[in-house]
Amino acid sequence: MVFFVILGTMPIFASFYQFILAGFHQFSDHYNRVENYYPRVAVVVPAWNEGAVIGATIDRLMKMEYPEDRLRVYVVDDASTDDTPDVIQQKAKEYSGRTFHIRREKGGQGKAHTLNHGIQQLLHSEPETTLNNTPEEVFNSPLEPDTETFTRPNFEQIGRYMPNWAHLDELAQVTGDQWVEALMIIDADVIFERDALRKMARHLSDPEIGAVTAYIKEGSSPGNYMQKFIGYEYITAQAASRRAQNVLGAMFCLAGGAQLHSRENLELIGGRIDTSSLAEDTFTTFKTQIEAGKKVVFEGNAIVWAEEPDDVNGLWKQRLRWARGNVQLTKHFKHLWFNKTYHRKLGGFAFGFIWFNIFLMPVLMILSSIGLVSLYFMDFPFAWEVFRAFWLFHAINYLFVTLMSFAIDPFTAKRTWLEGFLFPGIISFSVIVYSCFPGQFVRQVTEWLVGSGLFPPDWVVQGIILFIYAWQALCMVAAWGVRAIDKTRFKWLSPMLMYFVGFGPMLCAITFHSYILEAQGAEMKWDKTIKTGKVKS
């Protein structure tokens, strides 16, 4: 039983390890290998009924600090039924020659299919544009006379490896399109900071880099409780974790809302986005590192704002798709894990240790509860010692991660400080305090009960102790209950319940749900997250 409890501490070790690694990012941040670099970038934007947001997105892209003649925006309209086509065509006229509308007459197959429609037309065939520009104007623009000197870093002068640009040019000739040197995939609702693309593109000056991702931040204004939880989560899941992955030299996932690929990289992974799973971003990231043999880096100073779900069911829908995708990817690359002969970085112990502690966190939490509850019946004094050690370790990690998160992104942390402190939930937070200060906690609770005239019988006290021992598993059940309430007319209770149950347990419950659906072979649905344009440009 103690072994089960020890297994339950593994995700805590993994979290602690990631934040330690993130602290070393300044010594392994790739900036010593980059130069100012402005490849010709085609921004591909999949869009379905994005009329409320797509106009602001295009405006912001057009205003970025990037040479105008090296940036084009292609919006792949997935058979929208709202005013999305009208908005795009209006912007195509406003930014003539720089913004284009690619229309799919039959849509609904998901983001990856929509992206591939655009990518295939950009790299391999003539477009089906509905704009004024002719296909020749769009895809066969001649190379500018100064391209060579303008876009290529002078590695000879700084004594470093010279990239094989001839290969890239030959590749471009094969595909019949010499304009696109890099391709950026974004979501229709994201808002780029003016310098974001410039900061991302400079990493492609290193030929070992195949793709770059940015720091996606929740930008709804005003954001509600859920969007603040997500805002804080992104500090830990992106700003910290992806810095740790930069240090490891192996990346979990390119953010779907902002990923910049070199043309060479896209060609090496087949010139298309994977459509066999619900995690096309993660599959693309793994293929870049395995099939193309390229590195993927996170540029934490390139900021991109996004609108995230504002209620429990919206979050559940979004994260269930992500979680199911991770299950599919874990099965697809079953020979990769802990196998350095398959891939030196992705197959390493550190990468696998972190991956599986996230992937299996619900199972490990259940096992820890089984261990503690069993020890309660077998040896109560020993169970208390194990329980306290488990939660003390939890407390140390909680304090370390919270303070590190506040240091990494103080702006977001200041905005989301309450959700940061209550990320594990009020109940778990209370257990942490109890494990750290049991005497004072019991004294305070006893005084409160006496003052209230309440004298619970022993069986109630024992029931509360069992409840606390089992909370690691019960919190996921509670999260499921919050989701059920969020679908009813009592939805107004959801924010309060979220603070009690916690955002972390909610994510674990969603991951467990993904196990069930995958085991059942449930249909893969591309449930679109509703965007309302709350992100201000």
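Guide: Start with a definition: a residue is buried under 20% relative accessible area, exposed over 50%, and partly exposed in between (1.4 Å probe, protein chains only). This is a predicted model, in which local features need pLDDT of at least 70 and side-chain atom pairs count only at pLDDT 80 or more, while totals for chains, interfaces and linings use all residues. Residues are numbered from 1 along each chain as its sequence is written, and side-chain values use heavy atoms, with hydrogens and water left out.

Visitor: Why is Lys-295 called partly exposed?

Guide: Lys-295 has 43% relative accessibility, so it counts as partly exposed. Glu-208, with a relative accessible area of 37%, is partly exposed.

Visitor: What makes Lys-295 and Glu-208 a salt bridge?

Guide: A salt bridge needs a side-chain nitrogen of Lys or Arg within 4 Å of a carboxyl oxygen of Asp or Glu. The closest N and O atoms of Lys-295 and Glu-208 are 3.4 Å apart, and the pair forms a salt bridge. Lys-295 is in strand E8 and Glu-208 in the loop between H8 and strand E6 (209–218), 87 residues apart. Helices (H or I, at least four residues) and strands (E, at least two) are DSSP runs, numbered from the N terminus.

Visitor: How many salt bridges does this rule give?

Guide: The count comes to 18. Asp-77 and Arg-103 form a salt bridge, with their closest N and O atoms 2.5 Å apart. Asp-77 lies in strand E2 and Arg-103 in strand E3 (residues 99–104), so the pair ties together parts 26 residues apart in sequence.

Visitor: Are Asp-77 and Arg-103 buried or exposed?

Guide: Asp-77 has 0% relative accessibility, so it counts as buried. Arg-103 has a relative accessible area of 17% and is therefore buried.

Visitor: What makes a space a cavity?

Guide: On a 1 Å grid over the protein atoms alone, a cavity is a set of points where a 1.4 Å probe fits but cannot get out; a pocket is an open set with protein on both sides within 12 Å along at least five of seven lines, and lining residues have an atom within 4 Å of a point. Grid points are joined across faces, edges and corners, and a volume is the space filled by probe spheres set on the points. A search of the whole structure finds one cavity of 30 Å³ or more. Residues lining the largest cavity include His-25, Asp-29 and Glu-299. Strand E8 (residues 295–306) gives the largest share of this lining, three residues.
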